[in-house]
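Subject: Structure handover

Hello,

The structure we spoke about is below. My notes on it follow.

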Number of protein chains: 2
Amino acid sequence: MTEPEWLRLDRQICFSLHAASRAFNGVYRPLLADLGLTYPQYLVMLVLWEEGDLPVKKLGERLRLDSGTLSPLVKRLEAAGLVRRERSAEDERSVLVRLTGEGAALRERAFEVPRRIMSATGFDPAEIGELRERLDRLTAALDAAARTEATR
Amino acid sequence: MTEPEWLRLDRQICFSLHAASRAFNGVYRPLLADLGLTYPQYLVMLVLWEEGDLPVKKLGERLRLDSGTLSPLVKRLEAAGLVRRERSAEDERSVLVRLTGEGAALRERAFEVPRRIMSATGFDPAEIGELRERLDRLTAALDAAARTEATR
DNA sequence: CACAACTAAATTGTGCACAACTAAATGTCG
DNA sequence: CGACATTTAGTTGTGCACAATTTAGTTGTG
C-alpha cells in the first residue's frame with residue numbers, strides 16, 4: 001500500500017467515527033430538546049437515574065469526563081431545577097449531585113427516547129449490541145495506547 | 001424489557017459511541033500536536049491533500065461541517081501558514097481554500113500518523129474496514145431519520 | 001431592467017471537551 | 001504535631017459543533 005493510500009484509509013476510519021458521533025447527536029438533539037436537555041446533560045441524567053446521587057468525581061469516572069466539563073454542565077442542570085449540588089459532610093472536597101423531584105420525574109418522559117433512537121438507527125438490538133462491543137473494545141485499546149504513550 | 005432497562009441500553013450505545021470518538025481523539029491529539037494540528041484541522045488537511053484546493057462549501061460537504069465551524073478553523077490554518085483563502089473570480093461568494101507549499105509539504109510528515117493510529121487500535125485493517133462500514137451505515141440511517149423528522 | 005429568491009461565507013451566541021492551573025480539604029510521614 | 005503530597009472541584013483559555021442571523025453576490029422571472 002502506498003503512503004497516500006494510508007492517509008486515505010485514515011481519513012475514512014477517523015472520519016467515519018467522527019461523523020457517526022455527530023449524526024447520533026443530530027438525532028438525539030431534537031428529541032432531547034423536548035426535555036430541555038443537551039446530549040451530554042442527558043448522559044449525566046441517565047447515570048443519575050440508574051445509580052442515584054453521586055459525587056462529581058464518580059460521575060466523571062462513569063462518563064469519562066473531567067471537572068472542567070462537568071462543573072459548568074452540572075451547574076446548568078441545577079439552574080434548570082433538575083439537580084442540587086451539596087458539599088459532602090464527611091469529605092468537604094466532594095460535591096454530591098442529587099436529583100430533585102423534578103429531575104427524577106423527568107425520567108418518565110425520557111422513556112420514549114431510546115425507542116425512537118433505536119428505530120432511527122434501523123438496527124436491531126443484537127446488531128447494536130455487537131457494534132457497542134466493538135466500540136468499547138476500540139475505546140479500551142485506544143485508552144491503553146494513550147496511557148503507554150504518556151508514560152513513555 | 002422494562003423501561004429502565006431501555007434507558008440502560010440507551011446509555012450503553014450512545015455512550016459507547018461518544019466515548020470511542022473521544023478516545024480516538026485522545027490518541028490523535030498528541031500525534032497531531034507534533035504537526036501543529038488539531039484533529040478537525042487534520043481532517044481538513046486530509047481532504048485538501050487528497051482532493052486539492054476546494055471552496056469552503058465543498059469542504060463542508062466532504063466533512064459534514066458548516067461554515068460556522070469551518071470559517072474560523074480555516075482562518076487558523078491560514079494563520080499557521082498551511083493554506084491561503086482566495087475569493088473565487090467566477091463566483092465572488094465562494095472562497096477557495098488553497099494549500100501553501102508548507103501545507104503541501106506537511107503531508108510527508110503526516111504519513112506516519114495512520115500507521116501509529118492503526119497500531120494503537122489493535123485492530124487489523126479488515127476489522128477496521130468492517131467497523132467503518134457499519135458506522136457509515138449507521139450514519140446514513142441516522143441522517144435519513146433526522147431528515148424525515150425535520151420534514152414532518 | 002427590477003426585484004424577489006436563492007446561495008456562500010461569515011458572525012454571534014450557547015454549550016461541550018480538555019489542558020493547565022488554583023483553592024481548599026484531606027492524608028501521610030518524619 | 002507539622003510540612004508536604006494528594007485529592008476534589010472549580011476556573012481559565014482555546015478550539016470545535018451547530019443554530020440562527022447577517023452580508024454580499026448570483027440567478028430567475030415578470
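Which residues of helix α6 (residues 112-121) of chain B are buried? They are B:Val113, B:Pro114, B:Ile117, B:Ala120 and B:Thr121. These residues lie on the same side of α6(B), because they cover an arc of only 125 degrees around the axis. The arc is taken from the directions that lead from the helix axis to the C-beta atoms. B:Arg115 and B:Ser119, on the other side of α6(B), are exposed. Buried means that 20 or more other C-beta atoms lie within 10 Å of the residue's own, exposed that 12 or fewer do, and partly exposed is in between, with C-beta atoms placed from the backbone. Just after α6(B), B:Gly122 has a positive phi of about 75 degrees.

Some conventions before the rest. This is a predicted model, in which local features need pLDDT of at least 70 and side-chain atom pairs count only at pLDDT 80 or more, while totals for chains, interfaces and linings use all residues. Residues are numbered from 1 along each chain as its sequence is written, and chains are lettered from A and ligands numbered from 1 in the order in which they are written. Helices (H or I, at least four residues) and strands (E, at least two) are DSSP runs, numbered from the N terminus.

Sheets

In chain A, 3 strands make an open antiparallel sheet with the order β1-β3-β2. Strands count as paired if DSSP finds at least two bridges between them. β1 (54-55) and β2 (83-87) of chain A are at the edges with a single partner strand each, so one side of each has no neighbour in the sheet. β2(A) pairs with β3 (residues 95-99) of chain A over 5 bridges, in the antiparallel sense; A:Glu86 has A:Leu96 in β3(A) as its bridge partner. Helix α4 (residues 67-79) of chain A lies across β2 and β3 of chain A, at about 120 degrees to β2(A). Such angles run from 0 to 180 degrees between N-to-C directions, and the axes are lines fitted to C-alpha atoms, for helices over the stretch in contact.

Chain B also has an open sheet of 3 strands in the order β1-β3-β2, with antiparallel pairing. There, 2 bridges join β1(B) to the antiparallel strand β3 (residues 95-99) of chain B, and B:Leu54 is opposite B:Val97 in β3(B).

Chain A against chain B

Contacts (C-beta atoms, placed from the backbone, within 7 Å) link 53 residues of chain A with 53 residues of chain B. On the chain A side, α1 (3-35), α2 (39-51), α6 (112-121) and α7 (125-151) each supply at least two residues. The largest share, 24 residues, is from α1(A). By class, this side has 32 nonpolar, 8 polar and 13 charged residues. Ala, Val, Leu, Ile, Met, Phe, Trp, Tyr, Cys and Pro count as nonpolar, Asp, Glu, Lys and Arg as charged, and the others, Gly among them, as polar.

DNA

DNA strand D is surrounded by 26 residues, the closest being A:Pro55, A:Lys57, A:Ser67, A:Gly68 and B:Gly68. A residue is near a strand if its C-beta atom, placed from the backbone, lies within 6 Å of it. α4(B) gives the most to this surface, 5 residues.

Around DNA strand C there are 26 residues, of which A:Gly68, B:Pro55, B:Lys57, B:Ser67 and B:Gly68 come nearest. Here the largest share, 5 residues, comes from α4(A). The surface near DNA strand C has 7 nonpolar, 10 polar and 9 charged residues.

Regards

Notes. Two residues are in contact if their C-beta atoms, placed from the backbone, lie within 7 Å.
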